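Hi,

Here is the structure I promised to pass on.

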Amino acid sequence: MELIALSLEKASSQWEFLSRLESENHFIAPCYNISFNDYVNSFLPKALDEAKGINLKEGYVPASIFIAYENDIPVGVAKIRHYCNASLRNGAGHIGYYVAKEHRGKGYAKIILQKAFETLLSFPDFCDEYIFLSVDKGNIPSIKTQLGAGMVIFREDDEKYYTLYDYHRDGGFKDSAFDPYIYGSIPFETKGKEYPQRLIICFFHEQIRRLEEEKKIYLREVIKGENDLHIYQFVDEDILIVPGLIGGPLCGGFLEELIAGGVKKVFFIGGAGVLNKGMDVGGLMLVEAALRDEGFSYHYAPASRKIRANLRLLEKNESYLKQKQIPYRVITAYTTDAFYRETKKKIAQAKEDGASAVEMEQAGLIALALLRGVEYSAFLYGGDDLSGEEWDKRGWHSREDVRSSLIGIAKDLLIR
């Protein structure tokens, strides 16, 4: 089987196939029953422009339509969106596919989907950490198709399953015990609070105190509990800032509350121990993925050795830093939940698996953001050195200039 894009050269045969496909379930027939003249002069030019990203409607992304051919016979259609925006991540995803009724029951849907994966990965403007789709719970054949093509369910609600495909295939997904269902009635204390949509999680508590003293932020609210969370807001922007609390369960638990209150965009800034010699104290690190050596993330995403952050946001953040001529590294973080069990063996394995820094929150917060459908980015800066025989503190808590400037960078990026 091969997928062939719409083209003027094949207009006649492709129109003949497409014009007889009717809308069904969530498949919207692109040109059912239209004339060849309308196809060539109206539909096809718009479709070719959409594939090039020309004259897109607001909220749309470039998308290409392909006909699936089996031995030169058209059997189905695939619409492939070149990348996902926030709406698509929480909705239709990257790919829509359809098999003509007379060709069903032959396994074509799975092959079309797998071919669509290959095609999507070949697009130069594709930049997403996973391939995302969704499917109605009542559409059993399509559910089986997606799972059979190697996708896994990472989120579900009362109506839909949301699936992802890990095109990196590093360890795969093996945890059948993961439950992706999202309850709609958890009694969060923050429901109805209508918080600003943007949030900074800041592990530099002395900088938060400084900002409060300078009256650049004010204390908006305190979530009371065994561990209180002080929620601050910037005076000049609708952006919240909260002190980071160590570990996925505590930091992530409060993030859940804030998301329930309306937060949709999260920026994390903190420090991390470096695993490689030569990484500077205060060196800026952008997190593209995390190794999962903790427990929290496994409640939010199917099991895997590595979980990837939002690569489109990473691309945006890199562009900003290059424009500002701020040096940085893109890294994989090694996330642990045991303060004093960063053993030589574990560190060696983490380095072999690509990690450059060790910390305690990234895997969990990346997984949480994936499940909740919020935007999440993280900047870390190089702290204590775990690359040698002995731990080297390197005075990283005193790097006030770095810690202060990271808050400004995070704030600026959230506004953009």
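Helices (H or I, at least four residues) and strands (E, at least two) are DSSP runs, numbered from the N terminus.

Before going on, the ground rules. This is a predicted model, where local features need pLDDT of at least 70 and side-chain atom pairs count only at pLDDT 80 or more, while totals for chains, interfaces and linings use all residues. Residues are numbered from 1 along each chain as its sequence is written, and side-chain values use heavy atoms, with hydrogens and water left out.

Another open sheet has 3 strands, ordered β5-β7-β6, and the pairing is antiparallel. Here β5 (131-136) and β6 (152-156) stand at the edges with a single partner strand each, so one side of each has no neighbour in the sheet. The twist averages 35 degrees from one strand to the next. Between β6 and β7 (residues 160-165), which run antiparallel, there are 4 bridges, and Ile153 has Thr163 in β7 as its bridge partner. Helix α5 (residues 140-148) packs on this sheet and touches β5, β6 and β7, with its direction at about 160 degrees to that of β5. Contact, by the way, means heavy atoms within 4.5 Å.

Salt bridges

How many salt bridges does the structure hold? There are 18, counting a side-chain nitrogen of Lys or Arg within 4 Å of a carboxyl oxygen of Asp or Glu. For the burial of their residues I use relative accessible area: buried is under 20%, exposed is over 50%, and partly exposed is in between (1.4 Å probe, protein chains only).

Take Arg308 and Asp166, whose side chains meet at 3.8 Å, N to O. This pair links distant parts of the chain, with Arg308 in strand β14 (residues 306-308) and Asp166 in the loop between β7 and β8 (198-202), 142 residues apart. Arg308 counts as buried because its relative accessibility is 10%, and Asp166 is buried too, at 3%.

Glu256 and Arg372 also form a salt bridge, at 2.7 Å, N to O. Glu256 lies in helix α7 and Arg372 in helix α10 (residues 362-372), so the pair ties together parts that are 116 residues apart in sequence. Glu256 is buried, with a relative accessible area of 8%, whereas Arg372 is partly exposed at 22%.

One more pair is Arg416 with Asp412, at 3.9 Å, N to O. Arg416 is partly exposed at 45% relative accessibility, and Asp412 is partly exposed at 24%. Elsewhere, salt bridges with shared partners join Arg89, Asp128, Glu129, Arg312 and Glu315 into one network.

Glu375 is found in strand β17 (residues 375-385) and is partly exposed, with a relative accessible area of 24%. Which residues is Glu375 in contact with, leaving aside neighbours within four places in sequence? They are Ala86, Lys264, Lys265, Val266 and Leu313. Glu375 and Ala86 are 289 residues apart in sequence, but 7.7 Å apart in space, C-alpha to C-alpha.

Finally, Ile246, Phe339 and Tyr340 form a nonpolar patch on the surface, with about 410 Å² of accessible area together. Patches are made of residues with over 30% relative accessible area and no salt bridge, with like charges joined within 9 Å and nonpolar side chains (Val, Leu, Ile, Met, Phe, Trp, Tyr) within 5 Å. The areas come from the Shrake-Rupley method with a 1.4 Å probe, and for residues only the protein chains shown count as cover. Ile246 lies in the loop between β11 (239-243) and α7 (248-260), and is partly exposed at 49%.

Cheers

Key: Pairing = 2+ DSSP bridges. Axes fitted to C-alpha atoms, helices over the stretch in contact; angles between N-to-C directions.
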